[in-house]
Amino acid sequence: MDYFLTEEQIMIRDLSRQIAREKIAPVAAKYDASGEFPWDIMKILADNDFFRTFIDQEYGGLGMGSMGLVLATEELSRACGGIALGFAGTALGAMPILISGSPEQKQKYLPDIADGKMLAGFGLTEPNAGSDAGGLQTTAVKDGNSYVLNGVKHFITNGGVAKLYTIIAITDPSKGPRGASAFVVEEGTPGFTYGKKEDKMGIRASATSELVFEDCRIPSENLLGREGMGFIVAMKTLDRSRPGVAAQALGIAQGAFDHAVRYARERVQFGKPIAAFQATQFKLADMATRIEASRSLIYATARMQDAGVKDISKESAMSKLYASETAMYVTTEAVQIFGGYGYMKEYPVEKYMRDAKITQIYEGTSEIQRDVIGKALIRDAAKGV
Ligand code: COS
């Protein structure tokens with residue numbers, strides 16, 4: 001397929017592909033086994049201006065928009081979905097500032113993120129508020145020129161390695177989701193500590209940790225947008241970041257597929273390579289078709305966003321739903337093509353299968369994506385669209 005990418009987009013795609021192949025693939029298994037954070041790769045990404053891609057030019061970025069983010073995330077994830085997340089999770093953490101930060105707030109934080117001096121994280125999820133993002137319990141109480149935060153955020157990507165977090169907390173408990181507000185909290189703020197570091201099934205090179213707020217006082221100028229806008233900021237953030245997760249899923253699927261085709265051509269059974277059997281070819285055909293369908297949907301959604309289309313909730317949810325289900329399907333089939341070897345850690349495909357699973361869960365489960373799509377369809381029908 002030719003997606004008619006611009007020269008700049010081809011450049012970021014090819015550079016990402018090269019870094020993935022030369023720098024990430026050789027260390028993917030090591031970081032998967034150790035669960036350590038890949039600081040050396042983050043430095044390579046920073047040195048190659050990756051953190052500039054999703055930031056506007058006036059704040060030190062390259063302004064490559066959603067397409068830039070999607071292309072880079074896809075290619076990096078092809079080698080390792082976990083390592084790619086240090087990058088993509090920073091884009092997610094920066095998103096509330098990009099969406100609702102004032103010019104002063106953008107000037108304060110975005111250039112350092114663009115320079116790769118600090119990673120970012122997004123704090124929405126709590127132990128009792130996962131899919132039900134409206135049920136947050138973390139509070140931010142106004143006190144003079146400050147807000148005082150109390151509560152726990154958990155399963156936070158880049159938790160413990162990021163220096164800056166965008167946090168959604170309740171400022172008016174009487175108003176439900178309309179009582180939430182968005183804030184920036186910097187590492188080292190008194191009253192802000194890291195809790196449990198998670199030991200995960202997949203994406204093990206990605207850091208996931210709890211953020212604990214105990215009478216954590218932050219200046220009122222850390223409020224993003226207006227009080228009460230936090231839930232909307234969170235939903236808009238997810239609308240824009242879900243194509244990124246979809247791209248991560250796409251990269252994982254493509255990576256597993258690459259290994260499966262290579263293996264099918266080499267593995268000889270019954271006197272010929274298993275790629276010569278129709279049973280294998282049909283599997284590869286279905287895998288490749290779903291991968292390409294995911295790519296088409298994701299790129300189309302990213303282009304809608306970059307063209308300034310305001311409401312991309314439905315398309316964004318469709319991209320994430322379809323690509324993550326595809327990643328699970330393709331990686332499982334890749335393990336099947338490898339047979340017994342596929343089940344062994346000595347071979348690369350079982351890791352892809354473990355890494356794929358999270359894409360059906362985080363930034364909204366597949367069930368939540370269907371909920372978002374379904375509601376949008378009904379809304380469109382009511383409007384006669
Ligand atoms: N953009 C702008 N506004 C939005 C929006 C969007 N994408 N989605 C919802 N809103 C607005 C609604 O219009 C509504 O506004 P009003 O109060 O003016 O009517 C408000 O937000 C509440 O919306 P809704 O009633 O749909 O909220 P629900 O509590 O039913 O929750 C879902 C909606 C389930 C979609 C939301 O909670 C969600 O996305 N959950 C998943 C969270 C998630 O992805 N977590 C993963 C971790 S984050 S890394």
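Helices (H or I, at least four residues) and strands (E, at least two) are taken as DSSP runs and numbered from the N terminus. The structure is a predicted model, in which local features need pLDDT of at least 70 and side-chain atom pairs count only at pLDDT 80 or more, whereas totals for chains, interfaces and linings use all residues. Residues are numbered from 1 along each chain as its sequence is written, and side-chain values use heavy atoms, with hydrogens and water left out.

Ser 220 is placed in the loop that joins strand E7 (208–219) to strand E8 (223–224). With a relative accessibility of 17%, Ser 220 counts as buried, a class defined as under 20% relative accessible area, with exposed meaning over 50% and partly exposed in between (1.4 Å probe, protein chains only). The polar contacts of this residue were examined next; a polar contact is a pair of N or O atoms within 3.5 Å, where within protein one must be able to donate a hydrogen and the other to accept it, and residues adjacent in sequence count only if both atoms are side-chain atoms. The Ser 220 side chain reaches the backbone oxygen of Asn 145 at 2.5 Å.

The ligand is surrounded by 18 residues, the closest being Ser 131, Arg 178, Asp 239, Arg 242 and Gly 364; a residue is near the ligand if one of its heavy atoms lies within 4 Å of it. Domain 2 (121–230) and domain 3 (234–383) each contribute at least three residues to this shell, the domain bounds coming from an automatic or database domain assignment. Helix H6 (230–266) and helix H10 (366–383) each supply at least two residues, and H6 gives the most, with six. By class, the shell holds eight nonpolar, five polar and five charged residues. In this scheme Ala, Val, Leu, Ile, Met, Phe, Trp, Tyr, Cys and Pro count as nonpolar, Asp, Glu, Lys and Arg as charged, and the others, Gly among them, as polar.

A polar side-chain atom of Arg 178 is 2.3 Å from a ligand oxygen atom. An N or O atom in the side chain of Asp 239 lies 2.8 Å from a nitrogen atom of the ligand, and for Ser 313 a polar side-chain atom is 3.0 Å from a ligand nitrogen atom. Taken alone, the ligand exposes 1,000 Å², of which the protein buries 66%; accessible areas come from the Shrake-Rupley method with a 1.4 Å probe, and for residues only the protein chains shown count as cover.

Phe 155, in strand E3 (residues 146–157), has a phi of about 60° and is partly exposed at 48% relative accessibility. Glu 363, in the loop between helix H9 (349–357) and H10, has a phi of about 55° and counts as buried at 17%.

Phe 183 lies in strand E5 (residues 180–186) and is buried, with a relative accessible area of 0%. Phe 183 and Gln 278 are 95 residues apart in sequence and 56 Å apart in space, C-alpha to C-alpha.

Cysteines were also considered. Cys 80 is buried at 1% relative accessibility, and Cys 216 is buried at 0%. A search of the whole structure finds zero disulfides, a disulfide being a pair of cysteine sulfur atoms within 2.5 Å.
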